[in-house]
Amino acid sequence: MDQKKVLIIEDEKSISDIIKFNLVKEGFAVETAYDGQDGYMKAISGSPDLILLDVMLPIMDGFSVCKKVRETSTVPILMVTAKEEEVDKVLGLELGADDYITKPFGMRELIARIKANIRRSEFMTDQADAPENVKEFGNLAIDMNRYEVRKNGEALELTLREFELLKYLAERENKVFSREQLLEEVWGYEYYGDIRTVDVTVRRLREKLEDDSSDPKYIMTKRGIGYYFRRP
Ligand code: CA
């Protein structure tokens, strides 16, 4: 495997140093930035394989950096949050962050998350060349291999996580899954996840898939239990 490059955008030098030390030990190349503006410049010019992005930063905060990077790049972004309000904001906004981790975190957890996000993005790049495998559900056509979804022939813009959740449920029609099960199966977090992530992703999927997201026809809620996919 070729060496992967991580860009750390973190203003607290002691934290940045210890993360860098551990990533280098794991075989990563590491670049660092100590404010949002420099971080943004390095994100664009340095073509990292992943960006570890702190929320509270001088000059430009992590939310703004994330949004700006997303205008031109699909690089995986792992947001670092310190407070519950920041988590709510990461989950609630359409920032385009791939994942988040809350301070204080352990190095093993951080490295596992970095590796998982890089793997996922590489997997996505490979999928573009896969043979078609389209399944139809009412007005929806889901290409299970190429990660493409069409509704009435129109392509929908889903994020990777949104697609993975849709695919997982659609391949198991009518079977109900709890949020904990979905987090484990779709996100692959046995220990670190936050079940609100599942609710937020379902809400976004419905906004994109359904004619009326308050009266869903595809992704259904089983009250008190979880979610399932239904053929309309
Ligand atoms: Ca900070």
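Close-up 1. Lys167 is found in helix α6, where helices (H or I, at least four residues) and strands (E, at least two) are DSSP runs numbered from the N terminus. The structure is a predicted model, in which local features need pLDDT of at least 70 and side-chain atom pairs count only at pLDDT 80 or more, while totals for chains, interfaces and linings use all residues. Residues are numbered from 1 along each chain as its sequence is written, and side-chain values use heavy atoms, with hydrogens and water left out. Not counting residues up to four places away in sequence, Lys167 touches Met144, Tyr147 and Arg172, contact meaning heavy atoms within 4.5 Å. Lys167 and Val186 are 19 residues apart in sequence, and their C-alpha atoms lie 9.4 Å apart in space.

**Close-up 2. The packing of helix α5 with helix α6.** Helix α5 (residues 107-127) packs with helix α6 (residues 160-170) at an angle of about 75°, their axes being 12 Å apart. That makes α5 roughly perpendicular to α6, a term for angles of 65 to 115 degrees; axes are lines fitted to C-alpha atoms, for helices over the stretch in contact, and angles run from 0 to 180 degrees between N-to-C directions. In α5, Asn117, Arg120 and Met124 meet Leu160, Arg161 and Glu164 in α6.

**Close-up 3. The buried face of helix α7.** In helix α7 (residues 179-187), the buried residues are Leu182, Leu183, Val186 and Trp187, where buried means under 20% relative accessible area (1.4 Å probe, protein chains only). Seen down the axis of α7, these buried residues fall within an arc of 100°, so they line one face of the helix; the arc is that of the directions from the helix axis to the C-beta atoms. The buried residues of α7 pack against α5, α6, β10 (177-178), α8 (196-209) and β12 (226-229). Gly188, whose phi is positive, near 75°, follows α7.

**Close-up 4. The largest nonpolar core.** The largest nonpolar core has 27 residues, of which Ile142, Val149, Leu165, Leu166, Leu182, Ile219 and Phe229 touch the most other members; such a core is a set of buried Ala, Val, Leu, Ile, Met, Phe, Trp, Tyr and Cys residues joined through side-chain atoms within 4.5 Å. At least two residues of this core come from each of β7 (140-143), α6, α7, α8 and β12, and α6 gives the most, with 7 residues. Leaving aside neighbours within four places in sequence, Ile219 is in contact with residues including Leu166, Val202, Arg206, Glu210 and Phe229.

Technical notes. Parallel < 35°, antiparallel > 145°, perpendicular 65-115°, else oblique. Buried < 20%, exposed > 50% of the residue type's maximum accessible area, 1.4 Å probe, protein only.
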